[in-house]
2 protein chains.
Amino acid sequence: MATAAKTRSPDRELLGRFEAGDRRALARALSWVENQRPGFESLLHSLHGRLGHAYRVGITGPPGAGKSTLTEKYVLRLRERDLKVGILAVDPSSPFTGGALLGDRIRMQDLTLDEGVFIRSMASRGRLGGLATTSLEAADLVEAFGFDVVIHETVGVGQTERDVVSAADTTVVVLVPESGDSIQAMKAGLMEIADVFVVNKADRPGADKLARALKATLGLRAAPADGWEPPIIRTVAVDGQGIDELDAAIEAHREHGRKTGALAKKRAARAAERVRDIVARRSERRVWIERGGEALLAAGLERIAAGETTPYALADEIARAADIDEPAGPEGVAP
Amino acid sequence: MATAAKTRSPDRELLGRFEAGDRRALARALSWVENQRPGFESLLHSLHGRLGHAYRVGITGPPGAGKSTLTEKYVLRLRERDLKVGILAVDPSSPFTGGALLGDRIRMQDLTLDEGVFIRSMASRGRLGGLATTSLEAADLVEAFGFDVVIHETVGVGQTERDVVSAADTTVVVLVPESGDSIQAMKAGLMEIADVFVVNKADRPGADKLARALKATLGLRAAPADGWEPPIIRTVAVDGQGIDELDAAIEAHREHGRKTGALAKKRAARAAERVRDIVARRSERRVWIERGGEALLAAGLERIAAGETTPYALADEIARAADIDEPAGPEGVAP
């Protein structure tokens with residue numbers, strides 16, 4: 001792997017403690033990745049050989065669908081099966097909802113004393129390259145540390161949050177039979193990404209109606225390329241009802257992906273996407289941060305508004321400062 | 001504007017004919033931009049001084065909402081006001097729906113003999129930097145040619161198509177009172193981008209219900225930052241009903257944007273976004289095409305799958321080939 005020579009070296013001490021199973025080293029490594037501290041890519045590179053064994057589950061749905069309780073009960077079920085579980089909860093883009101998610105985390109306190117469970121909340125702003133990639137990198141760390149299942153939990157409000165969960169091996173969409181909830185789900189684009197549907201709080205009126213509406217909507221879709229029909233699981237998470245069925249449905253999807261090759265295909269596509277994201281992030285860092293692109297842009301916009309320059313000339317300027325401008329080739333038309 | 005020195009020179013002959021008002025030169029310039037032929041950015045740079053006077057309207061909605069008929073009637077109304085109109089129709093990503101859109105264009109034949117109208121369909125695939133930017137660049141050409149209003153028309157199926165229309169000064173979302181249409185619109189994320197709603201085919205049953213549902217949904221939104229409340233206009237486009245009201249609503253939004261400064265703000269944000277897109281496109285061209293990134297990626301993915309390399313080492317390799325790798329700085333951690 002001499003090709004990674006140019007990547008900054010990871011912190012050997014951190015790497016050593018991580019590999020020795022020190023949970024504080026995992027927490028610190030996650031902060032490095034989240035804050036994109038120098039050397040974070042090298043750390044991920046060093047740990048890459050430890051990946052491949054874990055299964056990744058995305059859990060999303062509108063606010064109030066009971067995702068945290070459901071996640072907690074599902075995790076307890078996985079623990080009964082003696083699987084170690086890491087949970088990455090992604091805070092939606094709004095800075096004002098952070099508290100609620102942290103509160104949800106505290107409700108998971110049954111889990112926090114369990115060495116076989118790791119819970120981490122991630123903020124969703126302020127870095128290059130998009131939350132989806134950072135989130136996958138965080139999942140890599142959790143998997144490399146030795147957890148058997150990694151759960152991405154988000155509130156499905158934006159494209160980015162959807163990208164995060166839908167990059168999982170199996171994506172679970174949680175709804176409740178409250179009026180308009182299925183519409184909310186459609187609005188948030190959740191229908192397209194679900195491998196498994198959960199109708200939570202299924203003891204409430206309207207559960208049958210919601211399940212029927214989901215079934216009807218699924219019937220309108222084109223036949224899925226991989227032949228998987230998303231099942232609709234009814235749960236009352238707070239009482240633990242339906243959790244075994246949810247676990248079985250996720251396992252069935254995993255097995256289907258393994259048998260049909262859909263899982264390997266999904267993971268290969270994800271690797272390609274990852275490489276593109278890393279390269280784009282590197283290019284962005286060079287252009288906008290290291291070579292002063294942001295400052296050039298801010299100053300240039302005023303000149304565009306004043307009619308003194310154009311977006312193209314300004315882009316030239318920024319590209320030249322980053323040494324990514326290209327000289328006119330032979331195919332260029334002479335002035 | 002010496003800063004554009006590195007940009008390839010535009011074709012002087014094409015530029016001359018364009019500036020002389022030759023419509024074939026406009027068509028050819030649009031092809032250049034659409035195919036990103038060498039010199040296209042320079043052409044846009046050269047014509048930038050001719051921009052700023054035209055107003056841009058986006059029209060979108062689900063398939064079958066009657067957008068083409070509505071657009072045609074609206075254009076006829078603008079022609080009565082002696083405004084010259086350019087229409088850019090964006091084909092959704094699927095290659096299979098192209099025919100329908102072209103058919104729609106042919107139905108606009110009342111307009112095709114009018115020198116004050118220009119119609120162009122654009123495909124939506126196969127270029128760097130995204131359709132939204134290319135579409136805005138096409139609109140620049142149409143505006144620079146002298147048209148007073150540029151209309152972007154799309155079928156609102158994907159994020160890209162929504163980006164295209166929502167980059168207009170005023171975005172019109174067209175719905176029809178067929179069952180589930182408002183749900184379709186929500187699903188497609190159209191509610192968030194509308195400055196003006198049209199309930200077309202308003203003589204059909206369900207029009208009142210749709211208008212009420214829209215109003216209720218709008219009532220649930222946070223107060224808009226610019227103080228604009230999207231009006232809901234009822235039309236029967238095929239009979240020309242409601243077209244004057246639509247025209248007035250678009251004018252009212254334009255005037256609101258002018259008075260509050262929201263329009264200038266929107267356009268400045270668009271200019272910044274444009275510069276970022278041009279730089280990203282340039283970087284992508286360098287990395288993936290000129291420096292062989294695509295080939296390196298294809299070969300590297302197999303090595304990742306075989307466990308012989310990692311996404312980070314492969315990204316390093318691709319970045320190095322494009323000379324955008326950075327040497328370890330003083331903040332790097334020594335091995």
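A crossing of two helices is left-handed if the near helix is turned anticlockwise from the far one by less than a right angle, and right-handed if clockwise. This is a predicted model, in which local features need pLDDT of at least 70, side-chain atom pairs count only at pLDDT 80 or more, and totals for chains, interfaces and linings use all residues. Residues are numbered from 1 along each chain as its sequence is written, while chains are lettered from A and ligands numbered from 1 in the order in which they are written.

**View 1. Chain A as a whole.**
Chain A contains 14 helices and 7 strands (DSSP runs numbered from the N terminus: helices are H or I with at least four residues, strands are E with at least two). Of the 335 residues in chain A, 47% are buried (buried: 20 or more other C-beta atoms within 10 Å of the residue's own; exposed: 12 or fewer; partly exposed: in between; C-beta atoms are placed from the backbone). Among the contacts in chain A between residues at least 6 apart in sequence, 74% join residues at least 24 apart (contact: C-beta atoms, placed from the backbone, within 7 Å).

**View 2. Helices α1 and α2 of chain A.**
Helix α1 (residues 12-19) and helix α2 (residues 23-35) of chain A have axes that come within 7 Å and cross at roughly 130°. That makes α1(A) oblique to α2(A). Axes here are lines fitted to C-alpha atoms, for helices over the stretch in contact, and angles run from 0 to 180 degrees between N-to-C directions. Angles under 35 degrees count as roughly parallel, over 145 as roughly antiparallel, 65 to 115 as roughly perpendicular and the rest as oblique. The crossing in which α1(A) passes α2(A) is left-handed. From α1(A), the residues L14(A), R17(A) and F18(A) meet A25(A), L26(A), R28(A) and A29(A) of α2(A). Sorted by class, this contact of α1(A) with α2(A) has 5 nonpolar, no polar and 2 charged residues (nonpolar: Ala, Val, Leu, Ile, Met, Phe, Trp, Tyr, Cys and Pro; charged: Asp, Glu, Lys and Arg; polar: the others, Gly among them).

**View 3. Residue F40 of chain A.**
F40(A) lies in helix α3 (residues 40-47) of chain A. F40(A) is buried, with 24 other C-beta atoms within 10 Å. Leaving aside neighbours within four places in sequence, F40(A) is in contact with W32(A) and V33(A). L30(A) is 10 residues from F40(A) in sequence and 9.2 Å from it in space, C-alpha to C-alpha.

**View 4. Strand β1 of chain A.**
In strand β1 (residues 55-60) of chain A, 6 of the 6 residues are buried, so the strand is largely enclosed by the rest of the structure. Y55(A), V57(A) and I59(A) point one way from β1(A), R56(A), G58(A) and T60(A) point the other way, and all are buried. In a regular strand the side chains alternate between the two faces of the sheet. β1(A) pairs in the parallel sense with strand β4 (residues 149-154) of chain A over 5 bridges (two strands pair if DSSP finds at least two bridges between them). The bridge partner of R56(A) in β4(A) is V150(A). Strand β5 (residues 170-175) of chain A also pairs with β1(A) in the parallel sense, over 4 bridges. Here I59(A) has V172(A) in β5(A) as its bridge partner.

**View 5. Helix α14 of chain A.**
Helix α14 (residues 311-321) of chain A is mostly covered, with 9 of its 11 residues buried. Among the buried residues of α14(A) are P311(A), Y312(A), D316(A) and I318(A). The cover over the buried residues includes α12 (262-290) and α13 (293-305) of chain A, together with α3 (40-47) and α12 (262-290) of chain B. Just after α14(A), D323(A) takes a positive phi of about 55°.

**View 6. The sheet of chain B.**
Chain B has an open sheet of 7 strands with parallel pairing, in the order β3-β2-β4-β1-β5-β6-β7. β3 (117-122) and β7 (232-234) of chain B stand at the edges with a single partner strand each, so one side of each is left without a neighbour in the sheet. From one strand to the next, the twist averages 20°. Helix α10 (residues 207-220) of chain B lies across β5 (170-175), β6 (196-199) and β7 of chain B, and runs at about 170° to β7(B).

**View 7. Helices α2 and α3 of chain B.**
Helix α2 (residues 23-35) of chain B packs with α3(B) at an angle of about 125°, the axes being 9 Å apart. α2(B) and α3(B) are therefore oblique to each other. In α2(B), the residues A29(B), W32(B) and V33(B) meet F40(B), L43(B) and L44(B) in α3(B). By class, this contact of α2(B) with α3(B) has 6 nonpolar, no polar and no charged residues.

Key. Two residues are in contact if their C-beta atoms, placed from the backbone, lie within 7 Å.
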